[in-house]
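Please look over the structure below before reading the comments. They are written for someone who has not seen it before.

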Amino acid sequence: GESIAKVDPEIAKVLDQELHRQQTTLEMIASENFVPRAVLQAQGSVLTNKYAEGYPGKRYYGGCEYVDVAENLAIERAKSLFGADHANVQPHSGASANAAVMHALANAGDTLMGLSLAHGGHLTHGMKINFSGKLYNIAAYEVDPETGRIDMDRVREQALQAHPNVIVAGWSAYPRQLEFEAFRSIADEVGAKLWVDMAHFSGLVAAGLHPSPVPFADVVSTTVHKTLAGPRSGLLLAKQDLAKKVDSAVFPGQQGGPLMHVIAAKAVALKLAATEEFKERQQRTLEGAQILAERLGQADAKEAGIELLSGGTDVHLVLVDLRKSSIDGQQAEDLLHEIGITVNRNAVPNDPRPPRVTSGLRIGTPALATRGFGAAEFTEVADVIATALTGKGDIEQLRGRVRTLAENTPLYADLTQY
Ligand code: PLP
């Protein structure tokens, strides 16, 4: 057939422009990454044509002999990478994985206890107009206003009062590690199931650079496209006794046909996540976040009213608290965009500004680590960000420094796909 450039020049142009944007700007959205070419190839393949409702060896469609191989590889690699009893690789996304978890662990009207969205939790952990907030009774916990951290004594007190059926430990915007063992013991004490949503930090877990929730949780969900650096999708891990429940919650509970091209791409990403190279990249990711935290903690930033939630980070992101700064989250995001750095504004706990504006920024290092950033490049980008946010820099000059960093760390240089 004809190429996309011929068939649909408007969309071909979007692909070209987006590739160029990714190549020439610095991606610091904490939930994003760059997939390797092998993942793009699997995802852009003829496997997209195949219906495969059911599971390997138990399909409701013929012709699944090859896609079965792909799904079995993805399952085996996920189990081995994370040391899990059972894996389900069919969730289309993190949100649909989470819907399946709740479907497997609870009934409508049961109580779910998760980190409040305003304090760094995800929409699917009980936000009012999300399925989770509509179907379940929500008892949200929050971070301690002084430390910015989750206080496990308070989580326990709250659990003793609320009697949740399910406790979810996980976050979208929180710069610290969670205490999985303490969550497990609270869940046991109140008779709740423990679900860990490791969407953000699963790449760090895979590399052995973050405690694993797998030994403690009944079910673990994750996205595959954040630190894990695979195709946009979800993944579930479960203890053996919940395997059947989880599988039937995904299909036929939540989804129809699985996206076999995405599952093949997941298999590729999970293979790569077991390599030394991947581990080394996750180390640079953490190192970059440390460098960023240190730079944004210096005197000039403090004087400009810039603070870090919890005072630092032990993961792949920092949360900048701009409540005392003269610029808000929206202005800060726009300012960095103007110089070629992409981040997202993010509410901070007890944010006085509305969610569309916010008083915070979430800045992450996974995508730049994938791009090849090491200590020197992270030091330079951290200084560019601090200079911009303190209002000291000349915009043209900052833009030039960003451009140089991008040029020195080429991305998808061999990609001439359109
Ligand atoms: N869970 C957490 C903790 C997340 O941060 C996210 C993504 O932002 C999700 C789930 C949802 O993933 P998706 O956007 O693929 O639905």
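The points below go from the whole chain to single residues.

1. This is a predicted model, in which local features need pLDDT of at least 70 and side-chain atom pairs count only at pLDDT 80 or more, while totals for chains, interfaces and linings use all residues. Residues are numbered from 1 along each chain as its sequence is written.

2. The chain has 17 helices and 15 strands; these are DSSP runs numbered from the N terminus, with helices being H or I of at least four residues and strands E of at least two. The chain is as compact as a globular protein of its length, because its radius of gyration is 22 Å, close to the 22 Å that the globule rule gives for 418 residues. That radius is taken over C-alpha atoms, and the rule is 2.2 Å times the number of residues to the power 0.38. Along the principal axes, the C-alpha trace spans about 65 × 60 × 35 Å.

3. Of the 418 residues, 52% are buried. A residue is buried if 20 or more other C-beta atoms lie within 10 Å of its own, exposed if 12 or fewer, and partly exposed in between, with C-beta atoms placed from the backbone. Among contacts between residues at least 6 apart in sequence, 73% join residues at least 24 apart. Two residues are in contact if their C-beta atoms, placed from the backbone, lie within 7 Å.

4. The UniProt record, an unreviewed entry, annotates Lys226 as "modified residue: N6-(pyridoxal phosphate)lysine". UniProt positions follow the numbering used here, feature names are shortened, and annotations may be inferred rather than shown by experiment. Lys226 sits in the loop between strand S9 (219–223) and strand S10 (234–238). Lys226 counts as buried because it has 26 C-beta neighbours inside 10 Å. Leaving aside neighbours within four places in sequence, its contacts are Ser31, Asn33, Ala199, His200, Gly203 and Pro366.

5. S10 pairs with S9 in the antiparallel sense over 5 bridges, and Thr223 has Gly234 as its bridge partner in S10. Strand S4 (residues 86–88) also runs antiparallel to S10, joined by 3 bridges; here Ala87 is partnered with Leu237. Strands pair if DSSP finds at least two bridges between them.

6. The unreviewed UniProt entry places a "binding site" at Leu117, Gly121, His122 and Leu123. Leu117 lies in the loop between strand S5 (111–113) and helix H6 (131–135), and Leu123 is also found in the loop between S5 and H6. Leu117 is buried, with 21 other C-beta atoms within 10 Å, whereas Leu123 is partly exposed, with 17. Leaving aside neighbours within four places in sequence, Leu117 is in contact with Leu123 and Met127, and Leu123 with Leu117 and Asn130.

7. The ligand is surrounded by 15 residues, the closest being Ser93, Gly94, Ala95, Ser172 and Ala199; a residue is near if its C-beta atom, placed from the backbone, lies within 6 Å. Helix H5 (residues 94–105) gives the largest share of this shell, 3 residues. By class the shell has 3 nonpolar, 11 polar and 1 charged residues, where Ala, Val, Leu, Ile, Met, Phe, Trp, Tyr, Cys and Pro count as nonpolar, Asp, Glu, Lys and Arg as charged, and the others, Gly among them, as polar.
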